[in-house]
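Subject: Handover of a structure, with notes on its pockets, cavities and helix contacts

Dear colleague,

Please find the structure below, followed by an account of what was found in it.

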Amino acid sequence: MINRILTPREILVGGGSRARLPDVLKSLGVGRPLVVADPVMARLGMADEILRILAEAGMVGAVFADVVEDPTDVSVLAVAARIAEGGHDVVVALGGGSAIDTAKAAAIVATTGETPRALKVPRIVDAAVMPVVALPTTAGTGAEVTRAAVVTDTAAEEKMLILGTAALPAAAIVDYELTMTCPFRVTADTGIDALTHALEALINRNRSPHADALALSALRLIGGHLVRAAEQGDDRDAREAMMLGATHAGLAVSNTSTALIHGMSRPIGAFFHVPHGLSNAMVLPLVTRFSLEAAPERYAAAARALGFADPSADDATAAALLPEAFAALNRRLKVPTLAEFGIPRERYLALIPEMVRQGLASGTPGNNPRIPTAAEFAELYRQAYDGEGPAA
């Protein structure tokens, strides 16, 4: 089997590596950056720090700091307009997945002139576009190394997946010091998002030895450090391990795509504005229990890597521990059910057919070891509302 392996051209990893941004831009042959930052990064002064680093190297940058959580087509088009107005030749993304996905989608739109809706799957956007340099400030999404971006169509209330080399950043600067100010909730949610990326890469129908190695590394790092990073935010060792784990998870899942957890969580986020990592966490135990029987050896490997099962445990024993271990992790990290989040039951139930349609249309449930029928998908949504779990 031939595996297609895609990574940014350059990845810098380590505390303080953000200071090397000008060198990275020079290596790409660009020098008129637009910094796309989420409002928190602007408020904390991190966007100004990036401008200062650029200025000291003789580069004049501008900032777009109106990124919205769960990026929308409206926000993407606004950034694309700023790129054109300012004559920028590179986009520097500073923030979590929302900022990075906004920057990636805007770079594609600015280069091709197409709308975000025209770019969504099943189309694969393999095209040369304006470079993006990603500086993640959360240890979770892995967007700095993936060939995907998720953008909400505001009119249709649909999360659209944009997939292809056009969405792969040209370079990534993975500086864990940028995560030190992340609060508990953001650390927990983005950390579970990274865990989900690693898990879905490992159990994926598109998995490969390359992705397996990265996914297992990510699960070991995340399993040993997620709770510490969330509960002890100033623990530099935990923050550094989580940042590396999230990047390894992103590299793994970029080469396999996601599976049923993401296919199920995206519509929840689109309709009810649940943060992406949190919606993944809400369905993680449920989908794991549903899928176990189809790949027990892969789930067992995940359980051992996470530290949930003894290394000597047989596959059936190790795999069976995962659903309750994930439920316990959710309790430790204060993950609410959909009901506890405040989602109205009647509206949620009424939207299940459309959520099933959108989830299946994304294609990612087809990568799961157990592929649900439409009826099974709907039943999973019904059980998810109160945090219930199906029989395997």
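The largest pocket has a volume of about 1,000 Å³. A pocket here is an open set of points, on a 1 Å grid over the protein atoms alone, with protein on both sides within 12 Å along at least five of seven lines, and lining residues have an atom within 4 Å of a point. Grid points are joined across faces, edges and corners, and a volume is the space filled by probe spheres set on the points. Of the 47 residues lining this pocket, G96, G97, S98, T141 and T190 are the closest to its centre. Two or more lining residues come from each of helix 2 (39–43), helix 5 (97–112), strand 6 (148–153), strand 7 (158–163), helix 6, helix 8, helix 9 and helix 10. Helices (H or I, at least four residues) and strands (E, at least two) are DSSP runs, numbered from the N terminus. Helix 6 gives the most to the pocket lining, with six residues. By class, the lining of the largest pocket holds 20 nonpolar, 17 polar and ten charged residues. In this classification Ala, Val, Leu, Ile, Met, Phe, Trp, Tyr, Cys and Pro are nonpolar, Asp, Glu, Lys and Arg are charged, and the others, Gly among them, are polar.

The model is predicted, so that local features need pLDDT of at least 70 and side-chain atom pairs count only at pLDDT 80 or more, while totals for chains, interfaces and linings use all residues. Residues are numbered from 1 along each chain as its sequence is written, and side-chain values use heavy atoms, with hydrogens and water left out.

The largest cavity holds about 50 Å³ of space. Its lining consists of A139, T179, C182, T187, T190, G191, A229, R239 and M242. Helix 6 (184–202) and helix 8 (236–254) each supply at least two residues of that lining, and helix 6 gives the most, with three residues. Four nonpolar, four polar and one charged residues make up the lining of the largest cavity.

The second largest cavity has a volume of about 40 Å³. L199, E200, I203, A259, I261, V287, T288, S291, Y299 and N368 line this cavity. Helix 6 and helix 10 are the elements that give two or more residues to its lining, and helix 10 gives the most, with three residues. The lining of the second largest cavity divides into six nonpolar, three polar and one charged residues.

Axes are lines fitted to C-alpha atoms, for helices over the stretch in contact, and angles run from 0 to 180 degrees between N-to-C directions.

The axes of helix 9 (residues 260–272) and helix 10 (residues 276–291) come within 8 Å and cross at roughly 140°. This makes helix 9 oblique to helix 10 (angles under 35 degrees count as roughly parallel, over 145 as roughly antiparallel, 65 to 115 as roughly perpendicular and the rest as oblique). The contact (heavy atoms within 4.5 Å) involves L260, I261, H262, M264, S265 and I268 of helix 9, together with H276, S279, N280, V283, L284, L286, V287, F290 and S291 of helix 10. Nine of the contact residues are nonpolar, six are polar and none is charged. In the loop between helix 9 and helix 10 lies H273, a residue other than glycine with a positive phi, near 55°.

Helix 7 (residues 209–231) and helix 11 (residues 296–306) have axes that come within 7 Å and cross at roughly 40°. These two helices are therefore oblique to each other. D212, L216, L219, R220 and G223 of helix 7 meet R298, A301, A302, A305 and L306 of helix 11. This contact has six nonpolar, one polar and three charged residues.

For helix 15 (residues 345–361) and helix 16 (residues 374–384), the axes come within 9 Å and cross at roughly 130°. That makes helix 15 oblique to helix 16.

Finally, a cis peptide bond joins V121 and P122, with omega about 20°. P122 is placed in the loop between helix 5 and strand 5 (132–136).

Yours sincerely

Conventions
1 Å grid on protein atoms, 1.4 Å probe; cavity = no way out; pocket = protein on both sides within 12 Å on 5 of 7 lines; lining within 4 Å.
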